[in-house]
Amino acid sequence: MKHLLPFLHWPRPDAALLRSEALAGLTVGLMVLPQGVAYAALAGMPLETGIYASMLPALIAVLFSASTRLSVGPTALSCLLISASLNGLAVPGGAEWVNLAVWLALLSGLLQTALGLLRFGWLLNLVSAPVLMAFTQAAAVLIVASQLPALLGLSAGLRVWEGGWPDVYAMGFGLVSLALLVLVRRWRPAFPSVLVIVLLSAAVSVAMGFEALGGKVVGVLPHGLPGLFLPHWPGWEALGQLVLPTLVITLVSFLETASSAKVDSERAGKPWNQNQDLIGQGLGKLAAAFSGTFPTSSSFSRSALNLYAGAQTGWATVVSVVVVLLALLLFMPVLQQVPHAVLAAIVLVAVIGLLKPREFVRLWHISRVEAAIAGTTFIVTLVAAPRLYWGVLTGILLALSHFLYQRLHPRIIEVGQHSDGSLRDRHLWQLPPLAPRLYALRMDAALDFAAASSFERTIVEHLATHPGTQHVCLLAQPINRIDATGIEVMAKLCAQLHLQGITLHISGLKLPVEAPLRRAGALPPGDWLRLYRTDAELLAALARLDEGPHDIAGAAI
């Protein structure tokens, strides 16, 4: 039961634990309330759905996840993906838009739950860190661009010459809120600055009659609990257009979770159970679907705040859900007069931290190829907007192509002995051969179908250009795996060397490689084949090459 219901592992709360969990839950709950409304606006959803996404989905996710200190709910990146995915399919905020957003939550929730149950969490490793970094930064740029008009009070985007002259009052609300949020965040991260600024802006808005002056405010929000939402069938054509967005939302959402869960697991000193977190996040998305809201995810900023505020278990999330529930019942009229510019400032503060252009410079110094892949991902994401999934899919394809190229072109070097006794690249360090008429090589890769052709070609080409070669030496310790193609190439190579009268020396052959070779008969006994357990034994035998073959045989096993 504890395996099926992870929340049974939670400790029974005592007074001290309840005190710390209540403080953390109150802190996160007060933050997620205005954030939920702002993120719902970013997703093009009715504003109250952002609060719905912070209740039952957050509770279900923490009950069935292994990482219990994560804050689940609406996030900026997921909401941008939702808005981009549904753009052109329906009118933002309309009934069909909400229905399609619920289908995104339903499909991504089913996919994540299935991946977790089937223990397929390893599939998420297909996205490399450079691709995720570039996609996240491009998405952050798009979020900033989408929020600037509301922040600056522009009615027609940023093109003021088309009649989009700024509303000075809205601009004042936006810029002052943005400055205060940034300053308070640096001064005291745990302070509920978002809620305080929302309350102050609502009070100022009422006092000055901002709505009467033509300013855009949140407006009337329904209060009360969300009912059961059953989405209607959107049709096969619309459903087909949701397939790619579902895959990307599932992927990016769980990578958001991974970034927080890994930190949580490291601090707790335990391994991260990614499959159980997949199940928890998937069930949370299913709860979001039946609550009539959009796909949820783990928020890195709120999870960090949860840890900073002293959360120890999932009880903190339970408290935060209760706080949001009470606010839904009692607090909704207060949000009515909050200017849209303040909501834009809340979103901007959350995503500003994602903009890290120096990461591209750092990556360039590490690997220019991966930097190019990241740069391409960044550009494609921006150019393909609102179809953001093309950016991450392009990055994944380029990263996998680079990986495949490396597997097809393994590092194979001719070995010489350095003055410090180590075996290194002979040509790079300008070292003499290990022995006369000997070719010693090392391949730093598995001997499988990807590398076997390069391995065989390297030896054959060397023998063709050095006809006097009498010994071929393979330092096999880096080879930790072999498949049927590798065995076939190895058997053919052994037969060819035997026919040419060349002795093959192999050192450091590991059991997972040696056992299949012996079962296939690819290591037949004979004086032309010498096996050594260590490189030291091989070097000792090679040093006696001029003393006759019996001395070499004495060192072989």
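Helix α19 passes helix α20 in a right-handed crossing. This is a predicted model. α19 covers residues 452-465 and α20 covers residues 484-499; their axes lie 9 Å apart and meet at an angle of about 15°. Angles under 35 degrees count as roughly parallel, and the two helices are therefore roughly parallel to each other. On the α19 side, the residues in contact are A452, F455, E456, I459, V460 and L463. Their partners in α20 are T485, G486, V489, M490, K492, L493, Q496 and L497. Sorted by class, this contact has 9 nonpolar, 3 polar and 2 charged residues.

From α10, the residues S253, F254, T257 and A261 take part. They meet Q274, D277, L278, Q281 and K285 of α11. Here the division is 3 nonpolar, 4 polar and 2 charged.

The table sets out the two pairs.

| Helix pair | Angle | Axis distance | Source of contact residues |
|---|---|---|---|
| α19 and α20 | about 15° | 9 Å | α19 (452-465), α20 (484-499) |

The next topic is the nonpolar interior. In soluble globular proteins, nonpolar side chains tend to be buried together. The largest nonpolar core in this model has 98 residues. Those with the most contacts inside this core are I51, I82, L86, F294, L335, V338 and I346. Helix α15, residues 340-352, gives the most to the core, with 11 residues. Another core lies apart from it and has 32 residues, including Y439, F455, I479 and L493. Two of these, F455 and L493, also belong to the contact between α19 and α20.

What does I82 touch, leaving aside its neighbours within four places in sequence? I82 is in contact with A43, A101, L104, I249, F294 and P295.

I82 is one of the buried residues of helix α4. This helix runs from residue 76 to 86 and is mostly covered, with 10 of its 11 residues buried. Its buried residues pack against the helices α1, α5, α6, α10 and α15, and against the strand β2. After α4 comes G88, with a positive phi near 95°.

Helix α13, residues 315-330, contains A316. Is A316 buried or exposed? A316 has a relative accessible area of 2%, so it is buried. Not counting residues up to four places away in sequence, A316 touches E21, A24, G25, N306 and A311. A316 and P512 are 196 residues apart in sequence, and their C-alpha atoms are 48 Å apart in space.

Some backbone details in the loops remain. The peptide bond from A385 to P386 is cis, with omega near 10°. P386 sits in the loop between α17 and α18. R119 is not a glycine, although its phi is positive at about 60°. R119 is in the loop between α5 and α6 and is partly exposed, with a relative accessible area of 38%. R437, another residue other than glycine, has a positive phi near 55°. R437 lies in the loop between β4 and β5, and at 47% relative accessibility it counts as partly exposed.

How values were computed. Residues are numbered from 1 along each chain as its sequence is written. This is a predicted model: local features need pLDDT of at least 70, side-chain atom pairs count only at pLDDT 80 or more; totals for chains, interfaces and linings use all residues. Side-chain values use heavy atoms; hydrogens and water are left out. A nonpolar core is a set of buried Ala, Val, Leu, Ile, Met, Phe, Trp, Tyr and Cys residues joined through side-chain atoms within 4.5 Å. Buried means under 20% relative accessible area, exposed over 50%, partly exposed in between (1.4 Å probe, protein chains only). Helices (H or I, at least four residues) and strands (E, at least two) are DSSP runs, numbered from the N terminus. Contact means heavy atoms within 4.5 Å. Axes are lines fitted to C-alpha atoms, for helices over the stretch in contact, and angles run from 0 to 180 degrees between N-to-C directions. Angles under 35 degrees count as roughly parallel, over 145 as roughly antiparallel, 65 to 115 as roughly perpendicular and the rest as oblique. A crossing is left-handed if the near helix is turned anticlockwise from the far one by less than a right angle, and right-handed if clockwise. Ala, Val, Leu, Ile, Met, Phe, Trp, Tyr, Cys and Pro count as nonpolar, Asp, Glu, Lys and Arg as charged, and the others, Gly among them, as polar.
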